[in-house]
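Colleague: I've got a model open and I'd like to learn how to read it. Can you walk me through it?

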Amino acid sequence: MLNDKMAPDELRAGIGTKLDEPSRAVTGPLNEGDVFELLKVDHDRLADLFVTIETETDPGALSTHVELLARQLLTHTTLEEEIFYPQVRNFADTEGQVEKNYEQHQEAKEILQQIQRLDPSTQDFKAAVQDLQRAIENHVHEEENYLFPAVKGDLSDEALANLTTQIREGKARYATQYNLQSL
Ligand SMILES: [Fe+2]
Ligand SMILES: [Fe+2]
């Protein structure tokens, strides 16, 4: 597991980073590993961000954290929808799984839109954040425990290296698109 090898500071490197800080993306430890490790780094960041949101009480800070969460989520889901899923959806062992994952992304984005319309000082906001957290945890669990192992089993070494390169480049590209300079 990548997590076990990384210091908490490294895992949290992107959380709370100011937008105008220079990118640490392309050369940092968070950009190493294969396609699965690169995607898991995003999952761990999202989980970390939910912890930050859970413990925050100031409405202004909550809005800022949710805005960062939105950009992290959109960067990650776009990366998977544009690069990862299309390439693995027809693999022998992934039948049906990818379609379900697309739907789960859609559901998460809809909850996110609800959250963005709510006042951060309300109970409804808190409840919607918890809904999103549950939806994402469930989705991440399915990817990491079912989809990723199935894909791994069907990839040649060459295909793995190729996909990893595309994901690494895509991460940098979509992070820029969503103004997420800390990926
Ligand atoms: Fe994912
Ligand atoms: Fe996903």
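Colleague: What share of the contacts in the chain with a separation of 6 or more comes from residues 24 or more positions apart?

Modeller: Two residues are in contact if their C-beta atoms, placed from the backbone, lie within 7 Å. Here, residues 24 or more positions apart account for 71% of the contacts with a separation of 6 or more. A word on the source: this is a predicted model, where local features need pLDDT of at least 70, side-chain atom pairs count only at pLDDT 80 or more, and totals for chains, interfaces and linings use all residues. Residues are numbered from 1 along each chain as its sequence is written, while chains are lettered from A and ligands numbered from 1 in the order in which they are written.

Colleague: How many helices and strands are there in the chain?

Modeller: Both are DSSP runs numbered from the N terminus, with helices being H or I of at least four residues and strands E of at least two. The chain has 7 helices and 0 strands, so from the N terminus on you read α-α-α-α-α-α-α.

Colleague: What percentage of the residues is buried?

Modeller: A residue is buried if 20 or more other C-beta atoms lie within 10 Å of its own, exposed if 12 or fewer, and partly exposed in between, with the C-beta atoms placed from the backbone. By that count, 31% of the 183 residues are buried.

Colleague: Which residues of α7 are buried?

Modeller: They are L163, I167, K171, Y174 and A175. These cover an arc of only 95 degrees around the axis, which puts them on the same side of α7; the arc is that of the directions from the helix axis to the C-beta atoms. On the other side of α7, E158, T165 and E169 are exposed. As for partners, the buried residues of α7 pack against α3 (35–55) and α4 (59–88).

Colleague: At what angle do α3 and α7 pack?

Modeller: Axes are lines fitted to C-alpha atoms, for helices over the stretch in contact, and angles run from 0 to 180 degrees between N-to-C directions. The angle for α3 and α7 is about 30 degrees, with their axes 8 Å apart. That makes α3 roughly parallel to α7; angles under 35 degrees count as roughly parallel, over 145 as roughly antiparallel, 65 to 115 as roughly perpendicular and the rest as oblique. At the meeting point, V35, L38 and L39 in α3 touch L160, L163, T164, I167, R168 and K171 in α7.

Colleague: Which residues of the largest nonpolar core touch the most other members?

Modeller: In soluble globular proteins, nonpolar side chains tend to be buried together. A nonpolar core is a set of buried Ala, Val, Leu, Ile, Met, Phe, Trp, Tyr and Cys residues joined through C-beta atoms within 7 Å. Of the 18 residues in the largest one, V35, L38, L39, F84, V88 and I167 touch the most other members. Helices α3, α4, α6 and α7 each supply at least two residues, and α3 gives the most, with 5 residues. Leaving out residues up to four places away in sequence, F84 touches L79 and I167. There's also a second, separate core of 16 residues, which includes L49, V66, A108 and L132.

Colleague: A108 sits in α5, I take it. Which other residues of α5 are buried?

Modeller: Besides A108, the buried residues of α5 are V98, N101, H105, L112 and I115. Seen down the axis of α5, the buried residues fall within an arc of 85 degrees, so they line one face of the helix. The face turned away carries exposed residues, among them E99, K100 and R117. The buried residues of α5 pack against α4 and α6 (123–154).

Colleague: And what does F91 touch?

Modeller: F91 is in the loop between α4 and α5. With 16 C-beta neighbours inside 10 Å, F91 counts as partly exposed. Not counting residues up to four places away in sequence, F91 touches A150, V151 and D154.

Colleague: Last one: is N179 buried or exposed?

Modeller: N179 has 10 C-beta neighbours inside 10 Å, so N179 counts as exposed. This residue lies in the segment after α7, and its phi is near 55 degrees, a positive value in a residue other than glycine.
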